[in-house]
Amino acid sequence: NKIVLQVDSLLRAGARTKNLLIVGASAGWNISIHVSAKLQNKRMKFVMMGGCWPETYREYRDVRLTGKFLSIIETTDPHGTCTGIFDGRRNISSYQEIKLNTGLSHGFIYKGYKAWIDPLVAWHDSH
């Protein structure tokens, strides 16, 4: 709720949706998902990194997601793909998943690595 209020405040102050980005890593990606459901803004962009377990999608079947989504995963991380959460969603403007191979397992999110920053910035700029 706090993030939703902050985003609403930024938009009321004149910020453009295209300049905003919500990023959640590990357990934080769950917050991004719920912010999407509360905002219901098709132009809002969300990035999720290293948070999906194989059966995670089942927990989000009834969550109405809206916006543009990027998932960044590491092939050596025990967390996996997030595609099951997004398959068949009508209110999602776009979804893309990027697979990294840094060898850092879940540690790929522990600091700002070029391996995920560059594709994240490129995705943000293209959407």
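Guide: Let's go through the chain first and then a few of its residues.

Guide: Before we start, this is a predicted model, where local features need pLDDT of at least 70, side-chain atom pairs count only at pLDDT 80 or more, and totals for chains, interfaces and linings use all residues. Residues are numbered from 1 along each chain as its sequence is written, and side-chain values use heavy atoms, with hydrogens and water left out.

Visitor: What makes up the chain, going by helices and strands?

Guide: The chain has 4 helices and 4 strands, and from the N terminus on they run α-β-α-β-β-α-β-α. Both kinds are DSSP runs, numbered from the N terminus: helices are H or I with at least four residues, strands are E with at least two.

Visitor: Why is the chain called as compact as a globular protein of that length?

Guide: Its radius of gyration is 14 Å, close to the 14 Å that the globule rule gives for 127 residues, so the chain counts as that compact. The radius is taken over C-alpha atoms, and the rule is 2.2 Å times the number of residues to the power 0.38.

Visitor: Which share of the chain's residues count as buried?

Guide: Of the 127 residues, 43% do. The label means under 20% relative accessible area, while exposed is over 50% and partly exposed is in between (1.4 Å probe, protein chains only).

Visitor: How do you know that the side chains of Thr-66 and Gln-40 make a polar contact?

Guide: The distance between them is 2.9 Å. A polar contact is a pair of N or O atoms within 3.5 Å; within protein, one must be able to donate a hydrogen and the other to accept it, and residues adjacent in sequence count only if both atoms are side-chain atoms. So 2.9 Å is within the 3.5 Å limit.

Visitor: What makes Pro-78 exposed?

Guide: The relative accessible area of Pro-78 is 53%, and exposed means over 50%, so Pro-78 qualifies. Pro-78 lies in the loop between β3 and α3 (83–86). Leaving aside neighbours within four places in sequence, Pro-78 is in contact with Trp-53 and Ser-105, where contact means heavy atoms within 4.5 Å.

Visitor: Last one: is Met-49 buried or exposed?

Guide: Met-49 is at 2%, and buried means under 20%, so Met-49 is buried. Met-49 sits in strand β2. Not counting residues up to four places away in sequence, Met-49 touches several residues, among them Val-23, Trp-29, Ile-72 and Trp-116. Met-49 and Val-23 are 26 residues apart in sequence and 7.9 Å apart in space, C-alpha to C-alpha.
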